[in-house]
Amino acid sequence: MNPLNRDTVIAIVLMVFCGILFWASFSIREPDYGVLPPSAWPRVVLIALSILTGLYFIQSIRASRTVDDSSSPVKKGFMHWLSVWQNPIWCFVLFFGYVASLPVLGMLIGGVAFVFLLLCVLGGWSLRNLLVHALIAGISVGGMWSIFTFGLGVLLPAGEIFNPFG
């Protein structure tokens with residue numbers, strides 16, 4: 001078993017990236033006012049990302065997959081390449097659509113639509129899936145929007161359709 005497969009290399013690169021960003025968080029200027037330093041939330045996110053990356057690294061070492069050059073998408077044509085990279089392409093297309101729709105839809109409606117469509121594209125379009133995806137999108141995005149808007153007082157993009165403050 002060759003432990004240095006594609007996932008292991010990606011996990012190592014991500015761990016190095018997290019380490020560099022965590023080290024860079026010590027250069028964030030700390031003002032004299034406020035209780036919580038500005039570097040606190042980036043460090044919390046980086047610690048969580050580092051833990052997940054560590055789990056990814058352990059999982060990649062346990063996997064028996066190795067890099068197989070015979071499955072290279074270049075050798076099998078564009079359609080094979082498209083089928084291999086279909087999910088990441090959908091993610092980027094839907095994300096760019098979400099960002100483009102922010103001025104009109106705002107963070108709340110646009111975020112719910114983005115998460116719902118992404119879950120449907122990746123998870124299927126059955127009636128049961130549609131209901132589950134709608135619940136997940138509404139609760140997760142609505143919850144995060146509520147926390148940031150009401151709990152933390154962050155002004156998120158409101159959009160033209162729904163503006164709770166206008």
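1. In which helix is the place of threonine 8? In this predicted model, threonine 8 lies in helix H1, which covers residues 6–24.

2. The relative accessible area of threonine 8 is 2%. Since buried means under 20%, threonine 8 therefore counts as buried. Its side chain is joined to that of serine 60 by a polar contact of 3.1 Å.

3. Helix H6 comprises 25 residues, 127–151. From its first C-alpha to its last, H6 reaches 34 Å, which is close to the 36 Å expected at 1.5 Å a residue. Following H6 is glycine 153, with a positive phi near 70°.

4. The buried residues of H6 are Asn129, His133, Ala137, Val141, Gly142, Trp145 and Thr149. Helix H5, residues 86–123, is included in what covers them.

5. Two packed helices are described by the angle between their axes and the distance between the axes. For H5 and H6, the angle is about 145° and the axes are 8 Å apart. Their crossing is right-handed.

6. On the H5 side, the residues that meet H6 include Met107, Leu108, Val112, Val115, Phe116 and Leu119, together with Gly111 and Gly123. On the H6 side, the residues met by H5 include Asn129, His133, Ala137, Val141, Gly142 and Trp145. By class, the contact of H5 with H6 holds 13 nonpolar and seven polar residues, with no charged residues.

Key:
Residues are numbered from 1 along each chain as its sequence is written. This is a predicted model: local features need pLDDT of at least 70, side-chain atom pairs count only at pLDDT 80 or more; totals for chains, interfaces and linings use all residues. Side-chain values use heavy atoms; hydrogens and water are left out. Helices (H or I, at least four residues) and strands (E, at least two) are DSSP runs, numbered from the N terminus. The expected span of a helix is 1.5 Å times one less than its number of residues. Buried means under 20% relative accessible area, exposed over 50%, partly exposed in between (1.4 Å probe, protein chains only). Contact means heavy atoms within 4.5 Å. Axes are lines fitted to C-alpha atoms, for helices over the stretch in contact, and angles run from 0 to 180 degrees between N-to-C directions. A crossing is left-handed if the near helix is turned anticlockwise from the far one by less than a right angle, and right-handed if clockwise. Ala, Val, Leu, Ile, Met, Phe, Trp, Tyr, Cys and Pro count as nonpolar, Asp, Glu, Lys and Arg as charged, and the others, Gly among them, as polar. A polar contact is a pair of N or O atoms within 3.5 Å; within protein, one must be able to donate a hydrogen and the other to accept it, and residues adjacent in sequence count only if both atoms are side-chain atoms.
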